[in-house]
Structure formats: C-alpha cells, structure tokens
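Welcome! Here is a friendly tour for anyone meeting this structure for the first time. Have a look at the sequence and the fold, then read on.

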Amino acid sequence: VRALYQADDDALWISTNTGGLNRRDPRTGRFTQFHHDSAAADSLSDESVYGIAEDAEGRLWVGTQRGLNRLDRDGRVFQRYFHEPDRGDSLPNDWVYALHRGPTGTLWVATVGGGLGRWTGAGDRFEKFALASLAGGPRGLDDVFAVHETQDGQVWVGTRAGLVVLDPRQRKAERLDLTGVAGELPLVTTLRADFTGRLWVGSLGHGVFSVDTATRQWERTSVGPPGATGSRPPRPILSIASTEHLLLVGTWGEGVFRGPLATAPFRL
C-alpha cells in the first residue's frame, strides 16, 4: 500500500505497488478494484499507483508510474494524461508520484524527472515548473515527492535535493537549507501541515523537520523511543499524519512513532 485517501463521500481509496487502485465503500465495507487493461484505453494507465487527490469538482485524480488518470463521474471510466515531448503544456513527466489540491483549488502534480505541474483546468493542459532551472539547483530538484500549498498561495515542494519554496505567480523558486551543512541535500519524502499551520517535513536520511512557513525558521526533531542516543543515524521517514494533539510518523522498517504537538522540538 502506497497511499490512503479519504474522499469527500467518505470512500477510502488505496493505491498499491503493482496492485492497481482500490475503493472501500463506507457503507458496506466492500472493495472495488481498478486495474490496467492493455485492451481498454479507458482503464487505469498503469498498475503501479502513487498519489490520489480530488479536484474542485469532486473528480478523483490518480498518479501512476506511467501517466496521470482522472476517474469520470460514472466511477468506472478513466481519462489518461501523458507527457508529450513536442507539447510544452502536456503533463511534465509520466511518473506521477504525488497529487495535492491546495486552498486555492489548484491541482498540483508532482512528477519524478519533470518537476512540478499545475493543471490549468482546461482539458489536458498543464503548466510546468522546472524547479532545477527556477531555483538554480541540481537536477534532483525536478524529482518531486511531496507538495503542500499554503493559504498565501506559496507552494512548498519536497524533492530529491531538498525543500523548495515556489511562488507560482512570480515563477520564482528558492531552496531552503534544512541541514546547515554544505553538500547535504535531504531527500524529502513527505510534507504535512498540522492544525496550527506548522509544516512537518519527513526525509529519507535526515529525520523530521518542523518549519514555520511564515518566517521559514526550522528545527530538526528527534524521532525515537525515550532514552535513545543520538549516535544512530536518523530513521528513514515515509509518512507523517497529525491530529489536534498528536503527530504520527511512519518509518521504513521501524514502525510508527507518535508524540504530542504541544511542544517542539520533542522526542516521538
């Protein structure tokens, strides 16, 4: 299982690694499976499914390792979107890792290799933000794994080469140094805002950071059981979720840690 998404109708959507897309009916508890069919152009474009999001009209969008899909209102037919090298307004890249609809209603599309895309709302047209070029950084900035849009329209982007803040109106991007150590570019795996608006940043090899999106001040947070020493390398973080009182951090191979949101930094 790669991602869970609760839709506005309370249905639970589950994306899987090579197992397609699944929907759990909130009334019956039964699952409906959606798979790729090479003979059906209106089926899911690939069995390897990643991010899920709804647009402003309540349609479900699904990112896969080969293309972006939109599920039509009948709940069975998919519209596929692919990268077309000869079109500057096509999907930035076919590997769609994450999707995010922010407070402005914009659907953001995170791709691996093509940077960040924004669906224009018109057919199959997308606006591309090549972060490596906009921020003047390494090519890894165009490998995008997480997106979060704040109320002021700024877009925070987690990439293979660290955290980027994008101003889409000005088409300007800036890297935020989270380590303070030259050459250390954390691979950002997940972004999650808590109820206060503070942004939590999970990384593959540098642990968890909390960021004040207004001041851009950040802190690194320890993740581990009480009494753990600082000698071991940071746990690889895959997911972060929050309630009004708790932060929950999912790791690769070491379970889930939780801690109170009342104070920071804290040990989970």
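Trp-108 and Phe-129 are both buried. Their rings form a tilted aromatic pair, with 5.8 Å from centre to centre and 50 degrees between the planes. Trp-108 belongs to strand E10 and Phe-129 to strand E12 (residues 126–129), so this pair ties together parts that are 21 residues apart in sequence. Please keep in mind, here and below, that you are looking at a predicted model.

How many aromatic pairs are there by this rule? The count comes to ten. Another of them joins Trp-61 and Trp-119: the ring centres are 4.8 Å apart and the planes stand at 55 degrees, so this pair is tilted. Trp-61 sits in strand E6 (residues 60–64) and Trp-119 in strand E11 (residues 116–119), which makes it a link between distant parts of the chain, 58 residues apart. Trp-61 and Trp-119 are buried.

## A ring cluster and a charge

Which residues do ring pairs link into a cluster? They are Tyr-50, Trp-95, Tyr-97 and Phe-145.

## The largest nonpolar core

In soluble globular proteins, nonpolar side chains tend to be buried together. In this model, the largest nonpolar core has 17 residues, and the members that touch the most others are Leu-116, Leu-131 and Leu-166. At least two core residues come from each of these elements: strand E10 (107–111), helix H1 (131–135), strand E13 (144–149), strand E14 (155–159) and strand E15 (162–167). Helix H1 gives the largest share, with three residues.

Strands of a sheet pair through backbone hydrogen bonds, either parallel or antiparallel.

For a closer look, follow E17 and strand E18 (residues 199–203), whose antiparallel pairing runs over five bridges. Val-188 has Ser-203 in E18 as its bridge partner.

## Two arginines with positive phi

Most residues other than glycine have a negative phi. Arg-171 has a positive value, near 55 degrees. You will find Arg-171 in the loop between E15 and strand E16 (172–176). With 34% relative accessibility, Arg-171 counts as partly exposed.

Arg-216 is not a glycine either, and its phi is also positive, at about 65 degrees. The loop between strand E19 (208–211) and E20 holds Arg-216. Is Arg-216 buried, exposed or partly exposed? Its relative accessible area is 28%, so Arg-216 is partly exposed.

Note on methods. Residues are numbered from 1 along each chain as its sequence is written. This is a predicted model: local features need pLDDT of at least 70, side-chain atom pairs count only at pLDDT 80 or more; totals for chains, interfaces and linings use all residues. Side-chain values use heavy atoms; hydrogens and water are left out. A nonpolar core is a set of buried Ala, Val, Leu, Ile, Met, Phe, Trp, Tyr and Cys residues joined through side-chain atoms within 4.5 Å. Buried means under 20% relative accessible area, exposed over 50%, partly exposed in between (1.4 Å probe, protein chains only). Helices (H or I, at least four residues) and strands (E, at least two) are DSSP runs, numbered from the N terminus. Two strands pair if DSSP finds at least two bridges between them. Rings of Phe, Tyr and Trp (its six-membered ring) pair if their centres lie within 6.5 Å; planes under 30 degrees apart count as stacked, over 60 as edge-to-face and the rest as tilted.
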